[in-house]
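Look at the fold as a whole before turning to single residues.

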Amino acid sequence: MKSIPLFLLLLPHCLFAQTNDTTKILPSAEITAVRLSRYAVGQQQIVIDSADLKTSPFQNLSDLLQNLTPLSIKAYGIGLSTVTSRGTGSRHTALVWNGLNIQNSLVGLSDLSALEVGAVDKMYVKFGGSSALFGSGAIGGAVFLDNSIENTRGFHGNLGANAGSFGLLGQNIKLKMVNEQAAGSITSLRF
């Protein structure tokens with residue numbers, strides 16, 4: 001017969017933990033960031049129009065920035081393209097998505113050809129040192145990508161497809177859901 005550990009015999013048969021309901025519902029709060037607007041007064045900014053974003057959802061970000069901004073885009077073949085601003089290197093131009101710097105932390109670069117325009121709702125470019133507010137070393141400028149959630153409750157969706165020569169096929173699905181407690185967005189490109 002195997003021996004039963006002594007501590008198992010000493011445990012009571014019924015354990016009651018957290019019997020009182022201590023859940024409290026807090027009122028909702030909205031947090032806004034004013035750091036860029038407060039500390040970057042007078043800096044040059046280019047806003048990419050929403051019409052430009054909607055007319056080219058399958059275009060990658062490097063092609064759109066090359067056509068609409070004075071940024072220098074360096075394309076290294078099909079798989080990698082980087083951005084530089086005001087004569088600095090590509091490590092000194094940040095790519096900021098919804099307030100988060102999404103540059104690769106190992107090499108300090110971001111691949112613009114991997115991001116498609118259809119995944120973004122708003123885009124603007126800031127030049128100069130004030131963009132360093134969003135990451136160390138971003139002294140040349142920054143490209144800001146923002147996604148917004150509509151205030152209208154319900155389910156919203158977009159579906160798109162494209163085709164081209166040499167077997168180019170693409171699909172774009174963008175879904176947004178908003179209700180009383182939560183809001184979310186999912187984007188799937190070229191699957």
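The chain holds an open sheet of 5 strands in the order β1-β6-β7-β4-β5, with mixed pairing. The edge strands are β1 (45-48) and β5, each of which pairs on one side only. Helices and strands here are DSSP runs, numbered from the N terminus, with at least four residues (H or I) for a helix and at least two (E) for a strand. Two strands count as paired if DSSP finds at least two bridges between them. Strands of a sheet pair through backbone hydrogen bonds, either parallel or antiparallel.

This is a predicted model, in which local features need pLDDT of at least 70 and side-chain atom pairs count only at pLDDT 80 or more, while totals for chains, interfaces and linings use all residues. Residues are numbered from 1 along each chain as its sequence is written, and side-chain values use heavy atoms, leaving out hydrogens and water.

Start with β6. On one side, β1 and β6 pair in the antiparallel sense over 4 bridges, and Val47 stands opposite Tyr124 in β6. β6 also pairs with strand β7 (residues 141-146), again in the antiparallel sense, over 6 bridges. Here Met123 stands opposite Leu145 in β7. How many residues of β6 are buried? The count is 5 of its 6 residues, and the strand is mostly covered. Buried means under 20% relative accessible area, exposed means over 50%, and partly exposed lies in between (1.4 Å probe, protein chains only). Helix α4 (residues 61-68) lies across β1, β4, β6 and β7, and runs at about 60 degrees to β6. Such angles run from 0 to 180 degrees between N-to-C directions, with axes fitted as lines to C-alpha atoms, for helices over the stretch in contact; contact means heavy atoms within 4.5 Å.

Now move to the loop between β4 (93-97) and β5, where Asn98 lies. Asn98 has a positive phi of about 50 degrees although it is not a glycine, and at 35% relative accessibility it is partly exposed. Gly99 lies in the loop between β4 and β5 too, and is partly exposed at 41%. Gly99 and Asp146 are 47 residues apart in sequence, yet 8.0 Å apart in space, C-alpha to C-alpha.

Where is a salt bridge found? Asp121 forms one with Lys176, and the closest N and O atoms are 2.9 Å apart. Asp121 lies in the loop between β5 (100-101) and β6 (122-127) and Lys176 in strand β9 (residues 169-178), so the pair ties together parts that are 55 residues apart in sequence. Lys176 is buried, with a relative accessible area of 7%. A search of the whole structure finds 1 salt bridge (a side-chain nitrogen of Lys or Arg within 4 Å of a carboxyl oxygen of Asp or Glu).

Last comes the surface. Phe155, Leu175, Met177 and Ile186 make a nonpolar patch of about 400 Å². Patches are made of residues with over 30% relative accessible area and no salt bridge, joining like charges within 9 Å and nonpolar side chains (Val, Leu, Ile, Met, Phe, Trp, Tyr) within 5 Å. Phe155 is found in strand β8 (residues 154-163) and is exposed, with a relative accessible area of 60%. Accessible areas come from the Shrake-Rupley method with a 1.4 Å probe, and for residues only the protein chains shown count as cover.
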